Amino acid sequence: MTKPVVLIAEELSPATVEALGPDFDVVNVDGTDRPALLKALANADAILVRSATQVDAEAIAAAPKLKVVARAGVGLDNVDIKAATTAGVMVVNAPTSNVVSAAELAIAQMLGLARHIPDANASLKRDEWKRSQFTGAELYEKTVGIVGLGRIGGLVAARLAGFGVELIGYDPYITPARAEQMGVKLASLEEVMKQSDFITIHIPKTPETTGLIGAAQFKIAKPNLRIVNCSRGGIIDEDALYQALSTNQIAGAGLDVFVNEPPKGSPLLSLPNILVTPHLGASTDEAQEKAGISVAKSVRLALAGDLVPDAVNVAGGNIDASVKPGISLIEKLGQVLFGISGGSVSAIEVEVRGEIAAHDVSVLKLAGLKGFFQNAVTEQVSYVNAPLMAEQRGIDVKLTVDAKSDEYRNVTTIKATLADGTSASVSGTVIGPKLHQKIVNINGYDVELGLAEHLVLMVYSDRPGIVAVYGKAFADANINIAAMQIARQQKGGKALSVITVDSPVDAAVLEEVRVAIQADVMKAIDIIG
């Protein structure tokens with residue numbers, strides 16, 4: 001059996017390959033060599049990159065087998081997430097791999113600025129001894145403003161606490177109670193700019209945060225302000241920063257990130273009161289190893305068809321252990337729903353009842369959609385593009401949860417409203433320590449039948465002799481019946497028969513049975529995965 005191909009386009013730690021394990025063919029390519037990259041992508045199931053390889057729409061189009069793009073780091077500026085989503089390609093990163101390294105670099109930048117460490121080092125190496133020229137400032141009893149109190153901002157706050165500083169912070173998305181836990185007093189951005197002796201920035205770059213700190217903010221700052229940015233280039237307006245530094249409107253700045261990287265020709269590099277590093281936030285041995293191992297694990301999950309907590313274009317997140325068995329179940333139920341509905345639907349609803357409703361079950365909606373479209377389209381279907389397929393087809397999708405379940409601990413149902421106004425539904429549950437998957441209801445008929453690879457479903461007028469008719473027809477076609485359930489809602493009304501068989505049923509055999517029993521519905525459903 002051919003192993004999936006994992007393309008490594010940049011240098012990653014040996015631990016990354018080790019974490020992938022022996023189940024993949026690992027191929028190395030120079031991601032900056034565009035022709036070589038595009039050629040290698042033709043056979044790739046996954047690609048691992050850092051920041052130099054551009055995984056754009058062209059690269060994704062060149063990779064028909066591609067299922068996952070893994071960025072061994074945090075930023076995704078080099079990955080076209082929209083193109084990947086449309087193609088059903090999962091994009092993953094390692095959002096926590098560099099948090100400690102980035103926090104420590106921010107503090108190093110502050111200390112370097114405060115004590116003129118780089119300039120003093122360079123001076124001494126020139127055989128100079130100019131102690132008075134490098135008189136600095138202490139952090140002790142200074143006010144430090146933190147812009148962004150997420151994971152990295154929180155780590156910075158924890159480490160600065162030992163310096164005896166007063167911490168204030170700006171973050172419109174954090175509660176005062178959470179800030180208080182960090183030892184930070186929340187303030188407006190204007191207050192942070194006015195009161196701070198040092199400022200460190202830890203927010204993502206978005207249209208709202210680009211140029212967040214510019215000329216107006218520097219105008220109200222203290223003249224002894226030293227500002228550090230180790231998050232993303234462009235959050236500080238570089239032209240405004242140059243003016244503030246060159247006129248001594250503020251005392252100094254430390255930059256690890258720039259609008260253009262490398263910042264060739266930037267006038268900022270000529271200033272004496274700026275400390276610059278070449279985007280080193282994640283450049284520690286520990287961070288690189290953690291990033292590589294993290295995305296290798298994500299690749300393993302993605303290629304196994306599982307949801308990945310660190311996927312950036314899939315709504316999922318961490319999945320409770322009690323919810324996980326339902327993912328495979330609802331995906332298969334989605335395939336059954338497509339089989340009985342014919343796929344012409346205007347709305348799909350996933351309903352979760354029972355104990356697992358106490359947890360985040362949004363993943364089950366994704367899995368149900370993935371299953372529904374599995375046999376509906378010719379392109380690759382994933383947790384990533386299944387919601388997009390529903391949106392493109394004008395299908396309204398919703399999830400409902402209810403902690404009450406009358407007959408089973410947990411029941412998951414996927415329902416479809418058909419284009420003609422009728423509906424179809426299928427419900428299932430997972431039973432026992434071996435997690436047996438069972439169908440428990442189809443279109444209002446109560447059944448209890450184990451899910452299998454091949455199902456045949458028929459609806460007909462309830463009368464004697466029907467089982468003998470289709471039993472003989474399947475026997476004559478050498479199709480073995482593995483299990484069977486018959487349900488009816490009233491005596492002499494319509495009956496539903498669901499059988500599992502060991503092999504696919506030919507369309508001609510189905511038609512023969514349909515005619516013989518005068519069936520209203522006759523469906524063969526083959527389940528993938």
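The largest pocket of this predicted model has a volume of about 1400 Å³. Its lining comprises 49 residues, and those nearest the centre of the pocket are Val-74, Ile-203, Pro-204, Ser-231 and Arg-232. Two elements, helix H5 (99-115) and helix H7 (151-160), each give two or more residues to this lining. The largest share, three residues, is provided by H7. Classified by residue type, the lining contains 21 nonpolar, 18 polar and ten charged residues. Both domain 1 (5-94 + 286-304) and domain 2 (98-276) are represented in the lining of the largest pocket, with at least three residues drawn from each.

An open sheet is formed by five strands with parallel pairing, arranged in the order E2-E1-E3-E4-E5. The edge positions are held by strand E2 (25-28) and strand E5 (90-92); each has a single partner strand, so one side of each is left without a neighbour in the sheet. On average, and with direction ignored, neighbouring strands of the sheet are turned by 20 degrees against each other.

Within this arrangement, strand E3 (residues 46-49) and strand E4 (residues 68-71) run parallel and are joined by four bridges. Leu-48 has Ala-70 in E4 as its bridge partner. Helix H12 (residues 285-303) packs on the sheet, where it touches strand E1 (5-8) as well as E3, E4 and E5. The direction of H12 makes about 170 degrees with that of E4.

Note on methods. Residues numbered from 1 in each chain as written. Predicted model: local features only at pLDDT ≥ 70, side-chain atom pairs only at ≥ 80, totals over all residues. Heavy atoms only, no water. 1 Å grid on protein atoms, 1.4 Å probe; cavity = no way out; pocket = protein on both sides within 12 Å on 5 of 7 lines; lining within 4 Å. Points joined across faces, edges and corners; volume = space filled by probe spheres on them. Nonpolar A, V, L, I, M, F, W, Y, C, P; charged D, E, K, R; others polar. Domains from an automatic or database assignment. Pairing = 2+ DSSP bridges. Axes fitted to C-alpha atoms, helices over the stretch in contact; angles between N-to-C directions. Contact = heavy atoms within 4.5 Å.
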